[in-house]
Amino acid sequence: EELQRSTAQVGESVHRTTISRTLHKSGLYGRVAKRKPLLKQSHKKSHLQFATSHVGDTANMWRKVLWSDETKIEVFGLNAKRYVWRKTNTAHHPEHTIPTEMWWQHHGVGMLFFSRDREAGQS
């Protein structure tokens, strides 16, 4: 629709399906952009440093680690989808993603939630 409006502004009338067909022939498809955490260069450096320092750790050592996950809880703002034109297998390229930040990254606050795996009887 955006391309259709752009062509109309220049005085040309091109149907939406013609635009879509031409983009598909070029290997471009409209997809919802993936959301990825915003990682600064310092984050990437510390992740790499951690990975290289633990590359030789045994499977037994990793069984002792308490794994947790971070989730996004949207309190304010929109959780709108953004569409991008991209080629196959490029979903995680930075130009096709939406960087996300947790609100506490700006306020120095953190939250931790625990859940219990009742099936396995473990916390």
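Rings of Phe, Tyr and Trp (its six-membered ring) count as a pair if their centres lie within 6.5 Å; planes under 30 degrees apart are stacked, over 60 edge-to-face, and the rest tilted. This is a predicted model, where local features need pLDDT of at least 70, side-chain atom pairs count only at pLDDT 80 or more, and totals for chains, interfaces and linings use all residues. Residues are numbered from 1 along each chain as its sequence is written, and side-chain values use heavy atoms, with hydrogens and water left out.

**Exercise 1. Find the aromatic pair and say how its rings are arranged.**

Step 1: A search of the whole structure turns up one aromatic pair. The partners are Phe 50 and Trp 62, with 6.4 Å centre to centre and 70 degrees between the planes, so the pair is edge-to-face.

Step 2: Now place the two residues. Phe 50 belongs to helix α3 (residues 41-53) and Trp 62 to helix α4 (residues 59-63), 12 residues apart. Helices here are DSSP runs (H or I, at least four residues), strands are E runs of at least two, and both are numbered from the N terminus.

Step 3: Check the cover. Buried means under 20% relative accessible area, exposed over 50%, and partly exposed in between (1.4 Å probe, protein chains only). Phe 50, at 47%, is partly exposed, and Trp 62, at 25%, is partly exposed too.

**Exercise 2. Work out which residues His 96 touches, and whether it is buried or exposed.**

Step 1: Look in the loop between β3 (83-86) and β4 (97-100); that's where His 96 sits.

Step 2: With a relative accessible area of 12%, His 96 is buried.

Step 3: List the contacts (heavy atoms within 4.5 Å). Skipping residues up to four places away in sequence, His 96 touches Ala 33, Lys 34, Arg 82, Val 84, Trp 85, Arg 86, Thr 90 and Ala 91.
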